[in-house]
Amino acid sequence: MPASRRDQILSTAAVLFAERGFHGTSVADLGAACGMSGPALYKHFPSKDALLAAMLVSISEELLAVGTERAEAADDPAAALDALVDWHITFALANKSLIVVQDRDWAALPVEAREKVRTLQRKYVALWAAQLRSLSPELDDTEAHVRAHAAFGLLNSTPHSAFLPEDAMRAVLHDMATRALGLREESA
């Protein structure tokens, strides 16, 4: 349940943007879906662009903050990577609309917000790459980053691939991400 009116607006906007696109969703559509007039949204966000920025910046901040907490709480790099994989799966399964918006409406994001999201994303990838390199010191930084991006591609496919019950989907995603990270060999 959204914690505040602002959170409700962000959640509703994510669903509408995922269904119709950022440009295909009007302020009036957003207001109606939130049970208010379109102009009433301006009490919470100065513009539709600002709403999109708040949405995508906040998810990047959340991914990084929770990922960092979970990695730091782990006993070793293997446990940290497992915690990161589990966290990203949890996030991806719960936020399919946000993933669609991030992928499809990236170009509509204001430049300043785009730069902030990219900075946060680079830090999140670096967090995963550092754990990979701690676990496998023979990996160079580039390969560790490539493996992290491969895992993200799998995990962020959930808007298009999550057709199994959640527990089964979670298991499939965990197995595939672990393999993409090079943590387990493909069985013969």
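Before anything else, I noted the burial terms: buried means under 20% relative accessible area, exposed means over 50%, and partly exposed is in between (1.4 Å probe, protein chains only). By that scale Arg-170 is partly exposed at 24%.

I kept in mind that this is a predicted model, where local features need pLDDT of at least 70, side-chain atom pairs count only at pLDDT 80 or more, and totals for chains, interfaces and linings use all residues. Residues are numbered from 1 along each chain as its sequence is written, and side-chain values use heavy atoms, with hydrogens and water left out.

Entry: salt bridges. I looked for a side-chain nitrogen of Lys or Arg within 4 Å of a carboxyl oxygen of Asp or Glu. The structure holds seven salt bridges. Arg-170 pairs with Glu-166, with 3.5 Å between the closest N and O atoms. Why can these two meet? They sit four residues apart in helix α9 (residues 166–180), so about one helical turn separates them. Glu-166 is partly exposed, at 48%.

I found another pair in α9: Arg-179 and Asp-175, at 3.2 Å, N to O. Arg-179 is partly exposed at 22%, and so is Asp-175 at 24%.

Next I checked Asp-105 with Arg-104, a salt bridge at 3.9 Å, N to O. Asp-105 is buried at 6%, whereas Arg-104 is partly exposed at 41%.

Entry: Helices here are DSSP runs (H or I, at least four residues), numbered from the N terminus. I saw that α1 covers residues 5–20. Its buried residues include Ile-9, Leu-10 and Phe-17. Just after α1, Gly-21 has a positive phi of about 90°.

Conventions:
Helix = DSSP H or I, 4+ residues; strand = E, 2+ residues; numbered from the N terminus. Expected span 1.5 Å × (residues − 1).
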